[in-house]
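Subject: Structure handover

Hello,

Here is the structure I promised to pass on. Please open it first, then read my notes below.

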Amino acid sequence: MKRQMLALAASAFLALPGAALAQDKTKACFIYVGPIGDFGWSYQHHQGVLQLEEELGDTVETAYLESVPEGADAERAIERFARSGCDIIFTTSFGYMDPTNKVAGRFPDVKFEHATGYKREHPNVSTYNSRFYEGRYVQGVIAASLSKAGVAGYIASFPIPEVVMGINAFMLGAQSVNPDFKVKIVWANTWFDPGKEADAAKALIDQGVDIITQHTDSTAPMQVAAERGIKAFGQASDMIEFGPETQLTSIVDDWGPYYIRRVKAVQDGTWEQSDVWGGFAEGHVVMAPYANMPDEVKALAEETEEKIRSGEFHPFTGPINRQDGTPWLAAGEVADDATLLGMNFYVEGIDDQLPN
Amino acid sequence: MRIELVKRPQRSALFSMLSPFIALGLTLVAGAALFLALGKNPGEALYYYFVDPLHETWSLHELAVKAAPLILIAVGLSVCFRSNNWNIGAEGQFIIGAMAGSILPVMFPDFQSWVVLPLMLLLGVAGGAAYASIPAVLKARFNTSEILTSLMLVYVAQLFLDWMVRGPWRNPAGFNFPETRTFHAFATLPEIWPASGRAHWGFIFALLAALVLWFVMTRTLKGFEIRLLGQSPRAGRFAGFSREKMVLFSFLVSGGLAGLAGICEVSGAIGQLRPIISPGYGFTAIIIAFLGRLNPLGIVAAGLVLALTYLGGEAAQISVGLSDKVARVFQGMILFFVLACDTLIHYRIRLVAEPAVRGEGARADV
């Protein structure tokens, strides 16, 4: 009664909210850790949402919350979505893992999809991620083919397995072309901080690297590389407009196909818990058009990409030694996913200490 | 023409009371104008900001969750600010309190008993207070600026937490991700009324702290000492009060409460330590302390209002499509209007007609 009166009063005073939802629409809701304008991680998730809207048209309704801090606020944001009639909720950052599972336990009829995590404590929680290391391996191949100095600069975010795996894949790709290739790593300790990332890029260039790659989300390193006249790889989105003469390629996260597939599954009633780790083959990871490189390097890159896509080659195929020279994978042995997902060591040839 | 501020001989008691409400009203008007400029229906937007989060039980719980750390920190800060000590480092004391309180569940996860939680809370208070004592001692002994030292210690605390959860305290079963193990049941601050939502005892602590400090400030000699030393250190000295002891006392109180807020947040709301455990509560609490006019009871109200703007910001983002930045603009406007209203209570504006441009000669003898 009280609530009715309140609602009545509110609508009388404020001429209000005509949020009458069409019941047959599927409501898909998204939580982003950054602003949708970061041109990196959250931007790409939002691009996927736009694809979803385009593909499913009137049968889907979407909503999003951006810049939701990981921590106590995340649980509230997720719960708000669960209560506001969302049929499926995508939480797109690792730090939402426990809040997602907590809320999922309270709302068994809502589907939850958590990106980059590993906990599925309830049957209505799925996880999904992309094999970005496939793209990093291709980048390594390109870097070693082009670099005159034989040294690339790597702007890394945090020493978590995802990032360490990326560094290793880049190095393995580079070593396949030039066994003596070197990589200089700067830990920026941020996912998104254009100022810090630009400083890292400048420091690396001053140390003589002639190619830069990044595992942070802003376009700042690309812009610095463009100013200094060296080449660089983009991250998360196609950053070609920030370095038309600079970007060699970029690992583009394409979440659209996954979002379309999962929301359709909800509509068809076929949604089931799953743990998807997709790469080139699934269309999760897309290389931006190869540019600013000679044709033979481009051909090599395309060939490498195709081999990985077809499953003919896995970037983590032995023989591979750990950094200290002890053997990790024997010849022909392929790393299993569990090891990759928990990776906390470098492969041989990387001249850096993992911060610990 | 220039504008001068002239001190009023007396300030109006009525308007001193009314000023936060006037400020809030002005914020609403300015906010409505902002929404209109953004092409949104201002009535609808304001509804989602200030009414929608209040009419569901779970949402009221969330309000309590959000307000608890803000109020706890802000009431502590009010003691500091009243005594003219400028503790800007509550954010750091919050973090260190959370870490000190987490020692038991993180390092001794097998120690499971009902005494764990009380010990954690005590350690949290002790950690925050100890961390706050650093700028306090530096000020009392060496007369350093506590604004600078306390602020800089925030960054030290943030990086220390970051290092601990990535290194020594990392969850051994967590795939190397930067977080500690999750707290066991004995180390979790219980919910007040679990059937209806997840508000935890931190909110009760916040209300208790506000009541106790209100009593101390208004009804005890200690409160008189705090206010006297803040308003007139010279008079305080004549009364036999020690400025040095007050520096230490006020920092220990505010640091302890910030530490308690930290351990309550980690134990009650998050359930583990992560690289970032606070979206700037220690700084937002400064706004709240002033919005509540440095009165512990006013701070409770102010904390709830500011927490509401966070929740409302989300509701408006989902329902009206307003960016989350608007919520921050809103908070900024509240502070702006509160400070402006306060200024106008203490000062009046006088427009001074500038005399005609002076010649060179007139300036030469300056």
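Predicted model: local features only at pLDDT ≥ 70, side-chain atom pairs only at ≥ 80, totals over all residues.

Chain A

Chain A splits into two domains. Domain 1 covers residues 24–130. Domain 2 is built from two stretches, 132–252 and 287–341. How far apart do the C-alpha centres of the two domains lie? The separation is 29 Å.

The domains do touch. On the domain 1 side of chain A, 10 residues are in contact with 12 residues of domain 2. Helix H2 of chain A, residues 41–56, gives the most to the domain 1 side, with three residues. By class, that side of domain 1 has five polar residues, four nonpolar and one charged.

There is also a database annotation to set against this division. In an unreviewed entry, UniProt places the feature "domain: ABC transporter substrate-binding protein PnrA-like" at residues 25–308 of chain A.

Chain B

Chain B has 14 helices against two strands. Its C-alpha trace spans about 80 × 60 × 45 Å along the principal axes.

Of the 366 residues in chain B, 48% count as buried. I also looked at contacts in chain B between residues at least 6 apart in sequence. Of these, 79% join residues at least 24 apart.

Where A meets B

The interface involves 35 residues of chain A and 28 residues of chain B. Which elements of chain A give two or more residues to this side? They are helix H1 (2–14), strand S2 (60–65) and helix H3 (72–83). H3(A) gives the most, with seven residues. By class, the chain A side has 19 nonpolar residues, nine charged and seven polar.

After that, turn to H2 of chain A, which gives the most to the side of domain 1 that touches domain 2.

Best wishes

Key. Residues numbered from 1 in each chain as written. Chains lettered and ligands numbered in written order. Domains from an automatic or database assignment. Contact = placed C-beta atoms within 7 Å. Helix = DSSP H or I, 4+ residues; strand = E, 2+ residues; numbered from the N terminus. Nonpolar A, V, L, I, M, F, W, Y, C, P; charged D, E, K, R; others polar. UniProt positions renumbered as here; feature names shortened; annotations may be inferred. Buried ≥ 20, exposed ≤ 12 C-beta atoms within 10 Å, placed from the backbone.
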